[in-house]
Amino acid sequence: MHRIMIEPDRAKRHIKSIVNGKVKPEHSNERSILPECQANPISVDIQNIVPKQSSCCNVPVLLSLLVLILMKIVLESFTSCTPMVSRYYFGWESQSSGVYLALLASLVLPVNVFVANVSRRYDDREMILVTLVVMLVGVLGFLVYSEPGVSYSESRFIASGFIIFCSCNAIEAPTMGLLSKTIPKSMASGILNAGLLATEAGAIGRVIGDFYLSASAFKGIERVVNLTFEPMALMIVLTVLGATLTYRQLQPRYEDEEDED
């Protein structure tokens, strides 16, 4: 009987102590319902760090596509004009031109292996800049500096051709790597992805290169080389300047996050 009388009083005192804040309630349920952002604030901060760039203002993507187009223009013009230029200046037969182009084609795999080894030590943007400079050297060496019809150095023609062909093949890998790392997530999948953009850029470059070579041939075979490759040398110089001015932006987003941290 006595026990039954004191239980209501104990219950009242317990309720009163909870109201006054003397006794803290269980926090297990409160912790489970905390917002996820308070439990793990790092994930929220990372989401706020990543910049939201539109595809039209994405400098690395635009420069990568420009480099791919320029590379295809130079390579297509070089491989297409080599037979007629070598025949006009050096009297090469079709067999000699075919052997020369076959030797160039055999360098594709060694050049890619070399680029793969170098890419472990250097960034894509560094390799793109260096390869553009090497391509410019090859194009300048391929030009004819003498009067039309005067002798044109055969050794310079062969060496410059090797430089142009190797640099055009070497620049494709770092450019595609930079494009795949910097393309927006909205364009990383679906129809309009990095693979389609690179393919279309290459197709546009081939069309422009063939058109440029055909238009230069109307001025005569003796002026084909200079009329074709002088504007390309200017385009390479402008691309180098553009890559130099936007050098800090030519990097993947996760590198930006690491620098800020």
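**A tour from the largest pocket to helix α12**

Begin by selecting α8 (124-142), the helix that gives the most to the lining of the largest pocket, with five residues. This is a predicted model, in which local features need pLDDT of at least 70 and side-chain atom pairs count only at pLDDT 80 or more, while totals for chains, interfaces and linings use all residues. Residues are numbered from 1 along each chain as its sequence is written, and side-chain values use heavy atoms, with hydrogens and water left out.

Next, select Phe-114, Met-127, Val-130, Thr-131 and Ala-170, which lie nearest the centre of the pocket among its 14 lining residues. A pocket here is an open set of points on a 1 Å grid over the protein atoms alone, where a 1.4 Å probe fits, with protein on both sides within 12 Å along at least five of seven lines; lining residues have an atom within 4 Å of a point.

Now move to helix α12 (residues 224-245), whose 22 residues reach 33 Å from the first C-alpha to the last, close to the 32 Å expected at 1.5 Å a residue, where the expected span is 1.5 Å times one less than the number of residues. Which residues of α12 are buried? Among them are Val-224, Phe-229, Met-232 and Ile-236, buried meaning under 20% relative accessible area with a 1.4 Å probe and protein chains only.

Finally, show the whole chain, which has 13 helices and zero strands; helices are DSSP runs of H or I with at least four residues, and strands are runs of E with at least two.

Note on methods
Buried means under 20% relative accessible area, exposed over 50%, partly exposed in between (1.4 Å probe, protein chains only). Contact means heavy atoms within 4.5 Å.
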